[in-house]
Amino acid sequence: MKSDNRIPDGPTAELAAFCASLRFDHLDEAARRGVRRHLLDTFGAIIAGTQGSPARIAERTIAELEPEGDIPVPGFSAKRQRLSAAYLMGASAHGLELDDGYRAGSVHPGAPVIPAVLAAAWGNQVDGRRVAAAIAAGYEVVTRVAETVHPASRKRGFHNTSITGVLGAAVAAASVLGLDARQTAHALAIAASSAAGLFAFLHGGGEIKRLHPGFAAREGLLAAHLARNGMTGPAGVLEIEDGFLQAFAGNADAAKFVAGLGETFNVSRCYIKPYACCRHLHPGLDAVIAIAREEGVAPGEIAAIEIGTYEIAAGHAHGGWHDMPSAQMNYRFCTALAATRERVGIADFDADVLSEAELSALAGKVDVRIDDACETDYPRLRSAKVLVRTKAGAEHRRYIDEPLGSARHPLSDEALLTKFDEMVIPVLGEASNERLKSAVLAIQQIEDIDILLNTPNAK
């Protein structure tokens, strides 16, 4: 039987048509600024993440399985083939818990979308304006789909970044490749069959989490290329029976996929992390750091720290911190870091830090519980109520409705540039760092986006 290649009306087709027609001129100033900031942040996370163990293992494995290609991945010495370049950049972007996110969907859009865009664009003389539109399209799909299926998908054990990231990567790559609305809908349909990723990493083997956006970036890029060459997938894959929504969220409303589509852009509503750990922990860390700074509470004076928050965040208070992945997901350990150092950075998860007796002792004084009000507010808010008791009997309280780095409490441009410097200079050196910053901040003027990847390593 001959396949029907028509795309019926519905949320999938509407999203595909929107992404296929999106151009730089359609982006408002908030979206353009969001693209610049999130490209800068994600690119920095990619470069820093290449030095992490998961990305290094992935790169070594790829080197064993296939010959080198022609696409550079800044931070690695060897060039890679297109799909593997997308995979390595995606895995690296998420490799150190530094990448951006979207609160309402509990998802990291930059890690799958931006690597797919850069890999799709390589060698095709793609300018910065086209890349900016592709990034905005990818973020729109990831965030809208994740917001629709969350928290049902998370409670079923799925990692939203990988199950929805593949869809965003597919439409972003399709945008770079110039696919029309029908082809983009098929790219979405093909990508949906690659949607996967379990939250089982919370229970051990946590480093596999780092690779999830790599899988999504690679499979999304492949889906776009397959669609360009005539491959088709199920029409209306997001909303139909046995489709994406049914599989990951059951009875969620498919109308949410496209509600208000085009009125504003979600890339301007995503957060940028100030701390190198799970975002669910950030409201508690903000509160603890504020108390330490504003009240002058030293770590040795603390008798107890009580944190009330929503259920998913409280679930990160269990287990230990024997390695970097588990420590970055552990509420008690990161709270001890925040109270002691007034920061939570990459270097704070070195092996010698994880074994510090003082930190372990303070982490043992941290109690994280579900707060009914915070649970009611989630996922509309990611909030925490914190009480720090001192040995002298003083009590200091803080409530954080939404953590630093969100659209409501944005990270300043100065803080973002400082974060980029800290991520990139140790890997590429100061000269490449300055060159990359200048290029990203003027993305609409770039004639060939390959300049971003064609950056020499410091070593």
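Reader: How many cavities of 30 Å³ or more does the structure hold?

Author: The structure, which is a predicted model, holds four cavities of 30 Å³ or more. On a 1 Å grid over the protein atoms alone, a cavity is a set of points where a 1.4 Å probe fits but cannot get out, while a pocket is an open set with protein on both sides within 12 Å along at least five of seven lines, and lining residues have an atom within 4 Å of a point. A volume is the space filled by probe spheres set on the points, with grid points joined across faces, edges and corners.

Reader: What volume does the largest cavity have, and which residues are closest to its centre?

Author: The largest cavity has a volume of about 130 Å³. It is lined by 15 residues, and S106, H108, F199, C278 and H280 are the closest to its centre.

Reader: And how does that lining divide by class?

Author: The lining of the largest cavity has five nonpolar, six polar and four charged residues, where Ala, Val, Leu, Ile, Met, Phe, Trp, Tyr, Cys and Pro count as nonpolar, Asp, Glu, Lys and Arg as charged, and the others, Gly among them, as polar.

Reader: Before we move on, what should I know about numbering and confidence?

Author: Residues are numbered from 1 along each chain as its sequence is written, and side-chain values use heavy atoms, leaving out hydrogens and water. As this is a predicted model, local features need pLDDT of at least 70 and side-chain atom pairs count only at pLDDT 80 or more, whereas totals for chains, interfaces and linings use all residues.

Reader: Now the largest pocket: how much space lies in it, and what lines it?

Author: The largest pocket holds about 660 Å³ of space, and among its 26 lining residues P274, V344, G345, K419 and E422 lie nearest its centre.

Reader: Which helix gives the most to that lining?

Author: That is α19, with seven residues; helices here are DSSP runs (H or I, at least four residues), numbered from the N terminus.

Reader: Switching to packing, how do α1 and α9 cross?

Author: The axes of α1 (residues 11-21) and α9 (residues 181-192) come within 8 Å and cross at roughly 120°, the axes being lines fitted to C-alpha atoms over the stretch in contact, with angles from 0 to 180 degrees between N-to-C directions. Therefore α1 is oblique to α9, since angles under 35 degrees count as roughly parallel, over 145 as roughly antiparallel, 65 to 115 as roughly perpendicular and the rest as oblique.

Reader: Which residues meet there?

Author: T12, A16, A17 and A20 in α1 meet A181, T184, A185 and L188 in α9, with contact meaning heavy atoms within 4.5 Å. By class, this contact has six nonpolar, two polar and no charged residues.

Conventions:
Helix = DSSP H or I, 4+ residues; strand = E, 2+ residues; numbered from the N terminus.
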